[in-house]
Structure formats: structure tokens, C-alpha cells
Amino acid sequence: MSYALYRRGGPGLRLVTIVGLVLFVVWSAAPVVWLILSSLLQQKALIARPPDLSPANLTLDNFVTVVASAAALGRGILNSLIVALFSTAVALALGAPAAYALARLSVPRANAIAFLVLATQMLPSIAIAIPLFLVISRIGLIDNVFSLGVVYLSFNLPIVIWILRGFFLGIPAGLEKAAAIDGAGVLRTFWHIVLPISIPPLGAAAVFAFVEAWNEFFFALILTRQSAQTVPLVIAAFAGQYQTVFGQMMAAALISVVPVIVLAVVFRDWIVRGFADGMMKG
Amino acid sequence: MASQATFEQRRRSAGLFLVAPAIVVLLAILGYPILESMMLALQRVQLNAGEIQRSFIGLGNFQRLLADETFRHAALNTLYFSVAEVVLVVVLGFGVALLLNHPLGRPGFFRILLVVPWAIAPVANAVLWKWILNANYGVLNGILQSLGLIDYYQVWLGSPFSALNFLLLVDVWKSVPFVALLLLAGLQRVPSILYRAAYMDGASRLQAFRHVTLPSMRGAVAIAVVLQTIWSLRVFDLVFVLTRGGPADATVLLNFLAYRVTFNFLDIGYGAAIANVIFVLTLLLAILYIRLVRPAEGAAR
Amino acid sequence: MTSVPPRLPPAIELRRVAKSFGTVQVCRDVDLAIETGEFVTLLGPSGCGKTTTLNMVAGLEDSTSGDILLAGRRVNELSPVERDVAMVFQNYALYPHMTVAENIGFTLRMRGMKRAEIAARVTAIAASLELSHVLERLPAQLSGGQQQRVAIGRALVREPRIFLFDEPFSNLDAALRVKMRAEVKQLHQRLGVTSLFVTHDQEEAMSISDRIAVMNRGRVEQFGTPEEIYARPATRYVASFIGNPQIELMPGTVEAADGRPAVRLGAQVLPLPGDGRFRPGQKVEIGIRPEHVRLGAGNLSASVRLVQPVGPLSHVVLDWDGGSLTATLPGFSRLQPGERVSAAISPDDMLVFDQETGLRL
Amino acid sequence: MSIQMSRRGMLQAAAAAGAAAALPFGLSSHAAAEEALTVFGPLPPDPAPPGAAKFSEAAFEAWKKAHGASVTYDLLAWPQLHDRMATAFASGSAPWDVIYMCGWVPEFVSFLTPFADELPKSLVDDLPASSFETVTWQGKRYGAIFTLSLLTLFYNKEHLAEVGFNEAPKNWDEFKRATKELTRNGRFGFVANYGDPAGIGGTASYWMAFLQQAGGKMYGEDGMPVFKSDAGVAALQMMMDLMAAGTDPGSISYASINDSTNVLLAGRASMMMNWPFMWNAAQDPAQSQIVGKLASAILPAGPAGSASIDGTDAWTVSKASKNPALARQLVEFYLDAEVQKRQALDTGWLPIRLSVLADPEVQQKLPNAAVVLEQAKHPYNSFVTPDFNQVTQAVGTEVQKALQGQKTAAQAIADASDLVTAIVKRRG
């Protein structure tokens, strides 16, 4: 068996991989397909048994209605974009240097600090919601997209630090030494060497932070009123006490997924593949 | 213009300079709320005459927990849910990562598809699954019946055990993508030279996986496990939408209980006590997992 | 009271330099003075502290105590760039995201040199290293030898005062290693830049160095020219580390035979040089290098156990009363295993070490 | 511009917004002199106020102009109302003047002002006296119900006719028999949402309706639970019997009434207990397969007659309001007879004013109005207390256990009684 074959696998592994990929596609896509169908069907057809998929029931009404509510959904998307981009950018800007410091710069008690940073995530958000609301309302920043974005740092920053720290720990020490010899100080080493070779994990961390901020519901519920409402609240508004307008809710959900999908398309290489395989060879 | 600090001192001070902003920001956001929630856990809080009245009762809330059967029940549910979720998510996530790392799984399509379950807003996700799992008009029943796998429509969320496991299934579905992403990035960091070495050493593919891939993935797996532990203990919206903790408290997880007690019962002190128990429990589980995944702490250095 | 003529201070000087990580002492009181233009190798097994010493000279690690001087100036607190040293790393440590040109030019960029000048110098260096055609490639697209040359080019481009090499050839195959060794030596001869080289390969060290510092457990056991190290090892450790095949070491006791000192090795008694270095009853260890064992004449009776021809030479392993002994003979030996031979060793060729201190007597 | 989340006629809403923006700017110069009110309530199709839901918009504009007031709506999906309110109250910064409540008056009473005591007599006299029960605490009236929302029985006329019922079951025995006979052809006789134990419309509140039908009460004069009685057990036994007779087994998993409503609307169940909003939903061909087949009746009588529970959608005024008088006037406007009529005709939410309920136009458009009015003649106590959520959580969970066969009715009621006693005592 050649090495190439060894790495790629023979027909057996190939079969297993194909079956696995098919299962993966079904597992990931089936509920999403149903989501798309739901958004295209009248409620009447959805509650039929089995669901009545006849073309007569297909309609774009749900989308028309949802898009017509552009005031709410549009503002929600805009707010979510601002909150998510702000929170992601700040989380990376603060988190990447911190992660690097905790991974490589012999900061005293780095492991303990890193663990404490993570430990902040172990207290449920429910527990801090009321005190947080109190503080933010005292300073008059309720219903403000940026205060919401700052609150999102409370979970985005620690996770970004943790993800990146893991990767920074794996960077060969020689690179930093070479940079030091080449005359780059710590900050320039970080900027010119560490960050460029960490684009894949940075991409993953950015996508993570963006998605979490984009979809966050609980803090958004408590800390916004009308003007800073984010997309999840707009979506949730389709589920009332007595009626859930399921098709419209799914249509709104689909629309709200688009930016994340765009992000995934743009970042799909960076997220995981990064540079040529074996970049870290040797 | 020599600075009077040595190389390592300079690195250390640069490190402090780089780590400080993040810590300061975190402290500024979370410091007071965390301390406050710990204080609240020691208090009895009542809404009276238009304001909050708080009285210090020491460990009274925690004593109450000991006698609270719902809490015990919720703790057991949570333990099962959390452990099962971490295992399932990491194993499935690893599987997906391996698939997408294989040349056949490289096309960007798979990677985009991977992100989708995670990208759907949890609110919408929970409602989507509620409809899928509906006992009367749910599409899962429809599909299984038309495939001949079931004779009658099943009440998936009707019995305690089944309801808890379907809750688990939905959360696993939503959680796998990120962990897979993390592990995929980790897989691509495994130096290919190690596989060459394994090949030279005559290791079978399985042995190479066991002795090259797994050990190299320790760090990534550790992060995935710890993060997933934290998240699985924070599950709330799914319970809120899918089952409301029912039937008969079968799907009450600790975080949902903390929510219920705090926001539905307005028993804020007691709710804070439950939240703090979750905190301690998460901390212990995280430490345990870290120990399990990294048996030799020094070996990684 | 001799008057010392004014002379340049050593290019690199270490004074009682020590380094410990927590309770682990990696380097103990290392003293070393390297003259300008010298090519010095730190030689020793892995974990002996040689790389740490190199890193301390480079400014990549702090010393716990002691002084590091470059050209007479204490540099303990200086950054690597202020020390004006260049370094070639084990595994090359090329920046994976930069092209060859960028890798080589990075250090110039860090000094704020103008783009055009950087390009000119990179081009020149690349030409001298036969890298011109790969300048726009990423390191991952290069062969091992090319990566090695890029690493050297990166060090050369800034024309440093000192070159440091940290096991630079350990990833290369044997033939390439020998070739690169020659290239580095020629480079040194051409440029005459003070160089400090770290390796665990004694042959590499012998072939490339002006002087060698043999390190063991954080200490410099001996610092001298390759010849001194080989012919007059200061310690038993140095003797055993240098030389291929390894020196034979045999414990024995000093006796007086016919009024001359001799050493008893098992049943055999071998004469020692009569220069008064030895006291009867002294516990010693005798080291005999293979090329000093002369076969066909003498009073040692031995039998052939193994014959290993290596081309120009043959190594013959012998069994005798004192233990085993290796002899090196020119050409292809015709000896057969089991054959009995007689051997002679000149007292002057014997290296005698104190059994307790390991120092050569 | 406040949020316009009505899901119907969204285009009109957008058009209206455009029109508002196009108003001559002279009008807005009065802004400085305006009194500002903020109203916190649910988004339609849950019962939303004029201007938020599409009714009485012109009248609302006129009212604002006449009172020199600006009104800002802070509207939220109903399921999230309680949380945001709880957070705001618990943090001591609730910025609203008029607040929607649904059985939460006792819970939040300390943040409210008993404004309803000052409502004009003419208005109060036109409201069912019993409508104040859920908004009265310690003798003071803190809210005004604005829609008569009682549980009644909704049924599929066609299904019932198939098994020989020309009208709704009148009593428990008929109810059980009908359920049993209707359960056929893959359909179920009855469907409910027993998934969520707590709150109004939760499992416990259904049992409370049965409890009153059996002649029982939740609390005694001293405020302690008294439902550990024959009536309490009989009520639960009735639910269990219905379950066995042919309640959709999925009922135990339906966490919101919407889940079970869909079963009835799909024609897959024949009867359910539901709120007045059901009527319009069933007539909408986009979501209903039983258009024209729905009928409504008062709930079947138990040993003590028919009885129901109250949805208690009410307007309250915050204690922190800077302008409580204007806030009260706004609530009076919401309860204005003409506004009430438009509310009924345009949104399907029944009025609370007796005169409007008796209006022939209303009765003709909403045939169930008469039924609800009739139901209102029977008891419909929802037994709200400050710890209503906690009590219903405890009771509802025990009821769920009994419905699943984990406990007998007597056991479950005894356990529930112990739990509720502890809750009431802890309140002190």
C-alpha cells in the first residue's frame, strides 16, 4: 500500500466515508429541509397528517408577510449585525492578545487565569441577568445595541480566549525565537508571525462569536425594548400565547440564517482548512 | 538604549500588557453581577411595597435545596443530560470532523452545511423541533410511519425517559457543528509527518488513528469537552419551548429550574442558590474532564 | 608579573552562567570565552544544557546567574536584536505564511530598511545560496535542503556579528548533512563571523569547529581544539563521548612493577608512563583508543570476536583477559573470528583517569 | 413609531406608517407640550391594545390629540412578557405607565396602583362584577379586564353528529361518553394541552375548572389550601377518565394551547376546552380544515354545575407612573364601548363590557360571545395568588403524574395539597 493510498484509504474506508457523509448530510439537512418546506406551506397543510405537500399548498405568503414587516425584521437584522460585528471585533481584538499572552508569554499563573476566565462561563446567565440589568439601567443604557454588544463580550471574550489559547499553545516555539532573533519584539512577533499563521482559528473564533451574538436571546430579551431589538426577538414574536404562526416564524428564521450562511461561505476555507496542509510540517 | 529588563521579563510584562484589557473588560462586565448573584444566594428576597426587600439568611437557601425533591430530580436529570451530551457531541463531532477531513469531505458544501444547524436561532430551532416531534401532526411520526418503522404515532415527548432523550437529541443536533469545527481545525494541525512515521512503522490506519491522531488531538478535545460541558449545563431555551420541564418534571434541568424559580416564582435568592450550585457543579465537571482528557498535565508542555 | 599586550576582548564570553527551571538546574557555572572569528561548537548529549546555553547567548532565555559578554560588553539585559546575533534553528523555524523572499527579508523589514534595499539584499543572498528560483515559494513547497538554505539566508542577510546554530542539520539525511556541513564551514571561512554551533553529533563537531566545548549535565567538561579534545580529553566523560568507535575504558589499580608504575587490569598488568603521575594503589580507569592498539606484536594475547570493515579501515573487536578491546586496522582486515592475535599498547597512548573524579591524571 | 408586529395586514401597517410620516410637520410642534405614556403589552394576535392591533386607530389618534398625550407601545411576544416584567420590577426600574397583566396582579401588586377603584361608576357597572376577582388584592382593585376570556367547550359539530350528538355534552357523563365514542377513525374525542403544568391555561388551571365543576375550592378563608377534598379528587379523576376515554395521548406533551388547537383545527380531535380566540382561528381557511364546522358551548357540568377559569387579560397602572391620572384615562379609553366593539369585531377578542357583549352585531360576528357570556354566569375563579406560578407548578406536576398513571387521583391531590401548603406558609 502506497503512502498516498494509506492516507486516503482503500475502497473500504472510501465506502465508510461516503456512507458517513450521506448520513451527515441527512442528519444536518433533514430538519433544515423541513424548515424550508414549513416556510413555504400554509399552516393548514402543515398540521395535516401526513403533511400535505401538494403544490396547491405551496405559497410565498409567509415570506411576503415577513418581508412586509420589514420595519421589525429589517431593524432586527440591522441591530443583530451591529451587535454581532461589534462583539466579534472586540472579542477578537481583546481576546487574541490575551490568549497569546496566556499561552506563550510566561504570564504568572497563566493556567489559573485562563481557568478563571473560563469559570465565568459556568455561572448561568440567569443568575447574573438581574444584577446586570440593574447596572445597565442605572447608567441608562437599556435598549442600546452597544451595551448589548458589551454584555455579549461576557461570553464571547472568554470563549475566544479559550479557543485561541489552545491553538497558540501549539505554535512551534522556534517561530517566536526566530522572530526575536530577527528583531521583532513581542508585539511585532504577535502581529507579523502569530496572527497570520492563526487565521484558521481566528476565523473559527470569529464565526463562533458572531453566531453566538447573532442568536443570543435571553440578554436581548431583558436588555432591549423596541429600538435595539435583535433578530431572535423578532423571530420569537411569531410565537404568541395562543397562536404560533409557524410558517412565518420559519420564514423569518430562514431569512435570519442568511447572514450566517454568507459568513460560512466566505470563511469556509479559513474556518478550518487554513493554508496548505502540512503548513506546520516538521 | 538598552532597556533594563531581560528577555523573559520583557515577555512577561508584554504578556501582562496584552492580557490586562481582556481581564479588565471581563471584570467590569461580570464582576459585580457575579458577586451579587453569590450574595443573593445567601438572602431571602421579596418584592414588597414596590421595592425589593432582602434579608440575609446565611446558608438557608442551600439547606432548602437539600430537602427539595424537584432540585434533586433536576440535578440527576442534568447529570445524565450533561454527561450524555458531552459524550455524544464530542464523539459525533469527531466523526464529522474526520469525515470532513477526508479528501471526499473537503468540498466547501459540507462545511457550509455543517454550520447551518448551529446558525439557526435557538428560538426558531426549538419551535422547529417542537413541530417535528409533535405527537399528532409531527413530520417525524409521518416519516417513520411511511417507512413502516412505527405502527402508531408516538408521543415522543410524552414519557419522562423519551422526552429527556429527545431533548438531548435536539441539543446534540444543534451542538455538533461547533465542536466538529473545532476538532476539524485540530485535525488539520496534526503534523502529517506523524502519519508518515506511523506508515513507516507499519501501523494500520486504525492504529495510526489511535496512536497519532488521538494523542495529537488531546488539546482540541479538551477544549471541546470543557466548552460543551459548560454549554450543556446552560441548556434552557430548548426546555422552555419544547417541554416546559414536563411531563411531570421529567425534563427539568437545573438551569431551567433556576430560571423557573427566579423568573416565574420570583424567588430570586433561591434561584441564585441553584445557579451557584450549577456553577460549582460545572466547575467540578470541567476539572474532572480536564483531568480525564489530560492525564499527564506536564506532558503537554 | 607579565604585561599583557592589548588585545580584543573575546567575541563571546560566559562567566559562571547558570540556569535553572524551578529546582532543575540546566546549566551550572558555565565559563566560556570565544575569540572573534572562531567557530566553536557546544557538543553534548540531549539535555546537557547546550541549547539552553545557546539561547542564553542569543538572548532567548534569561540566565539565572552569571554574566554574558559580547565583545566585552555585558548583554544579559539586551534583546536578541540588540546583541546583533543571527540564528539558524533546528527544524528551520521558517515562517510558514511568508514566501522565501519574505522570510529572508523579514529581519530587514523589522529594522525599517527600505523595500528596495531589502529586495536587493535578499536577491543577493538568494543568489549566493542558489535560492533565486524559489524566492516566491512558501516554505512548505521547498525541499529539506532548500529550507535549510533559506534558514541560513535569513541569518546571513543581516550580516550579524555572531552566528548561532541550533542543531541546524538534525532534520537532514546523512548525505545532505555532510554537504551542508561543508557549506557552513566554507561560509565561515569566507565571512569569518564568530559562530557558535550546537550539536550532539561529535563527528559534525570535530569536522567543523575551531574549538569544541563538550558539555555534560549543564557543565563544560572541556573546552579545546578538536585535537586536544580527542587526544587529551580532560575527563573520562569527554574521552568516551568523542571518538568512533568509542574508547575502551577499563577499571584498574596502579601497581609498581620493577620500580615502574603499571596498571593491573584483571589478570593483566600493563606498564604506565613513568613520569610520576601515579601512586601505587590508586584506583584508575584506563582508556585505550582503537587506533592505539597495535596487532601482531606485543605481550597482550587476545582472540578476535568481530571484524567490521568500514572501507578504509577495519574495526576489530578483541577479547582478552582484561575485558574487550577494539583495534582499528588500515584496509580490509583478513582476521577471522576466533583467531588468536597478540597486541601491544604503548604506555604513552594510554589515557588514565581517576576512578573517583573522572579527571585525567 | 412603535413596533408594528401585527402579522396580518402588515402591508397596511407599512402604509399607515408612511402616512403618519407624511403628516404636516405643524402637528409635531406640539410634541414638547405632550404628556408621554408608555404601555407594555403583548403583540397581536394576542390581545393587544388599539393602534398595536388593527382596530380603533382613528379613535386612538383622536384620543391622543384630545389629551395632548403621546403613547409609546413597548410590545413583546406574549411568552416573554412575564420575564421582562419580572426583571424590570426586581431591578426597580420599570419604565411603563400602563402594564398588561395576565393573572399576575397579586404577584406584582406592590408595583401597581389600585387605579380601578377610581374608574367611573358607569363603566364599572357595565363590567361583570366577577371580572375584578383576579385583579383585586386585599380589597383593592388594581386592574381592569378588557376582554372576557373564559374557557368554553369547542367542538366539531360534524364529528359529534356522526356519533349521534346534536349538541355539546351537558355533563361529565355525557362528556366522557362523547369522548369515548368520538375516538375512532384515528381521531381523538378530546385534546388538551397538559404539557405545561403552570400558569393560566396550564395543566393545573384545567384542573381548577374541573374542581369548581365538582363544587370544590382552592383556598379557605384563611388562605390555606382546602382542595384535598372529594371534589378535588373527583376533578382529577374526571381528567383521568377523559384521558382513558380518548384524549389525544399527545396532550401530555403539548406545552402550549397552540399545539392542541392545531389538532382540533386539523380535524384530528373533536372537542377541546379553549379560549374565545379559537373562534376566528377556526374560520381562517389558511390554518383551519374545519371552517364552518366549529361550535361552542359552556363547559359540561360536574356535580356542582358548569364552571370555568378566567384568562384575566387586564390593564394595570404602575405605581411608578408619573402621570397616573392620564394612564387611568387611557385604560378608560381602551374600555370605551365603541373601542370594545371594534376590538371584538376586528380582532376577535371578546369585549368585557356587558352592553357590548349583548350587542347583536357582536353576537352575530362572534357566535361564541353568547356562550362565553353564559359561561360567565357560572363560577370561573382562577384562584390567582402572589405565588400562583409556584402553586400551579406544584399542582400541575402532580396532575401530570396522575394522568400518566404514576399516582392515583387521591394520592396526587394529597401530595399537591402538602406542596401548596408549604408554598403558602413560606410566603408568610
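1. Contact here means heavy atoms within 4.5 Å, and under that criterion chain C and chain D do not touch, their nearest C-alpha atoms being 50 Å apart. Of the five pairs of chains in contact, chains A and B share the most contacts.

2. On provenance and conventions, this is a predicted model in which local features need pLDDT of at least 70 and side-chain atom pairs count only at pLDDT 80 or more, whereas totals for chains, interfaces and linings use all residues. Residues are numbered from 1 along each chain as its sequence is written, chains are lettered from A and ligands numbered from 1 in the order in which they are written, and side-chain values use heavy atoms, with hydrogens and water left out.

3. The contact between chains A and B takes 112 residues from chain A and 100 residues from chain B. About 9,700 Å² is buried between these chains, with carbon and sulfur atoms giving 78% of that figure; buried area is the accessible area (1.4 Å probe) that two parts lose on being put together, summed over both. On the side of chain B, the residues that lose the most area to chain A are W131(B), R189(B) and R205(B), which together make up 8% of what that side buries.

4. Turning to chain D, the secondary structure consists of 18 helices and twelve strands, assigned as DSSP runs (helices H or I, at least four residues; strands E, at least two) and numbered from the N terminus. The radius of gyration of chain D is 22 Å, which agrees with the value near 22 Å for a compact globule of 428 residues; the radius is taken over C-alpha atoms, and the globule rule is 2.2 Å times the number of residues to the power 0.38. Along its principal axes the C-alpha trace of chain D spans about 70 × 50 × 35 Å.

5. In chain D, 64% of the 428 residues count as buried, that is, under 20% relative accessible area (1.4 Å probe, protein chains only). Within this chain, Q343(D) lies in helix α13, residues 337-347, and counts as buried because its relative accessibility is 4%. Setting aside residues up to four places away in sequence, Q343(D) touches F55(D), F146(D), T147(D), G348(D), W349(D), L350(D) and P351(D).

6. In chain B, V86(B) belongs to helix α3, residues 69-101, and its relative accessibility of 3% is why V86(B) counts as buried. Beyond its neighbours within four places in sequence, V86(B) is in contact with V225(B), Q228(B), T229(B), S232(B) and Y289(B).

Methods:
Buried means under 20% relative accessible area, exposed over 50%, partly exposed in between (1.4 Å probe, protein chains only).
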